[in-house]
Amino acid sequence: MNFKAFLTVFILSGTALTASSQTLSSDELLQASQAAVRQEKNYPKAISLLKQALEQSPDYADVRIFLGRVYTWNDFPDSARAQFKTVLSKDAGNLEAYSASFDLEYWNDHIPKSLEVAEAGLKIHPNAQELVVRKARALNALDRLPEALRLTANFLKQNPQSADVAAQLQSLKEDNLKNDFTYGYTFSSFDKRFEQPWHLANISYGRETALGSLNFQINYANRFNTNGLEFETAAYPGIAKGLYAYVGAAVSGSSIFSKNRLGLSLYKSLPYSFEAEGGIRYLKFSSATTLYVVGLGRYVGSSFIGLRSYLGPDENALSKSFSLYSRFFFSDDRNDYLGISAGTGFSPDDATRGLYTSNLKSFKTAVEYSRNVSKRLTLSASGSYINEEFRTSTFGNQFTISAGMQQRF
């Protein structure tokens, strides 16, 4: 087939297809557009079919609302907004138009505007559960949780059969769990360095506040056939957009812990999904040690990959350690991940290491798994291997396993 013949067939085929679609009714064009979206994900085709339907029936609200939704999904908010406005100008009580308009504004982070849309619709349809659910969602996004809880609870008193509002009320409660208890246990064994294994257990209470998260923890350890307690607190305050901090302190009267431990780090978001860390750690055993923290990481899809180094002045050289780590997140929740790490040297943030050793060679690799069983419960487990020089040119192995559980309420 030569080019002219091919072009003729192509034009005739397109003309035939257009003519065929023009013979369809508005209802059939609407159904065809819905199939184009749901089955083919072909949004341009759906838009073309819906425009043809509107040429036949300009006042067909369902067609115009669906066109607005397709525009919404394709990130054409102004075009979508115009469709919903046209429908509501002719039918101020169109419930589906209010729902679609809310979704447009909410998904585009225009939360106050989405709340206005829900409230306008509820003035006309006070018992519309779809608008009650949406209004509660907007109130929650605006940090007006008590109002959202009252709205859904009061609606359920009058409409106890409303499964959607009941589900929204439960979701609000679960998404706003501010407190948690965490329990953990760690077991470490050695092939050369120590005859007896180490045991470490902890219990902590945490709370999410408007300034950031706070945590209070009690650590119990059995090392060298000696028991000891350590009391620890940590906070992660937000300072500004893209800038937050870690502030931690611990104190113990036992020789198997450091007498005092202080930590401070600043985390700053950078362009291209990078995050930088800079900080300081202070440890007081029989003598004091100060280490400086430098780190750089990057979010790659649903993963975070980072490199962190601890640097400290020593008598003869610079004490240094390096750790390469990554977390692969299963969801948007920070507790839902698989973590892998490898590094060299001493880390003051690693509770399994115990005593501080300077400029002795070591290598560590670890894997950690944390999974949300439900919105109220997270289970975690980890394992690590350390090959460490505990005396000059003398190396030993340390094997560690841990398990933990967090309960939110």
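**Close-up 1. Helices α7 and α8 pack against each other in this predicted model.** Helix α8 covers residues 129-141, and its axis sits 9 Å from that of α7, at an angle of about 150°. Since roughly antiparallel takes an angle over 145 degrees, α7 and α8 are therefore roughly antiparallel to each other. The way α7 passes α8 is a left-handed crossing.

**Close-up 2. Here are the residues where α7 and α8 meet.** On the α7 side, look for Ile111, Ser114, Leu115, Ala118, Glu119, Gly121 and Leu122. Their partners across in α8 are Leu131, Val132, Lys135, Ala138, Leu139 and Ala141. Sorted by class, this contact of α7 with α8 has 9 nonpolar residues, plus 2 polar and 2 charged ones.

**Close-up 3. Asp109 sits in the loop leading from α6 to α7.** That loop lies between α6 (95-107) and α7 (111-124). Most residues other than glycine have a negative phi. Asp109 isn't a glycine, yet its phi is positive, at about 65°. Is Asp109 buried or exposed? With a relative accessibility of 63%, Asp109 counts as exposed, because the cut-off for that is over 50%.

**Close-up 4. Asp75 is another residue with a positive phi that is not a glycine.** For Asp75, phi comes out at about 60°. You'll find Asp75 in the loop between α4 (61-73) and α5 (77-90). The relative accessible area of Asp75 is 55%, so Asp75 is exposed too.

Conventions:
Residues are numbered from 1 along each chain as its sequence is written. This is a predicted model: local features need pLDDT of at least 70, side-chain atom pairs count only at pLDDT 80 or more; totals for chains, interfaces and linings use all residues. Side-chain values use heavy atoms; hydrogens and water are left out. Helices (H or I, at least four residues) and strands (E, at least two) are DSSP runs, numbered from the N terminus. Buried means under 20% relative accessible area, exposed over 50%, partly exposed in between (1.4 Å probe, protein chains only). Axes are lines fitted to C-alpha atoms, for helices over the stretch in contact, and angles run from 0 to 180 degrees between N-to-C directions. Angles under 35 degrees count as roughly parallel, over 145 as roughly antiparallel, 65 to 115 as roughly perpendicular and the rest as oblique. A crossing is left-handed if the near helix is turned anticlockwise from the far one by less than a right angle, and right-handed if clockwise. Contact means heavy atoms within 4.5 Å. Ala, Val, Leu, Ile, Met, Phe, Trp, Tyr, Cys and Pro count as nonpolar, Asp, Glu, Lys and Arg as charged, and the others, Gly among them, as polar.
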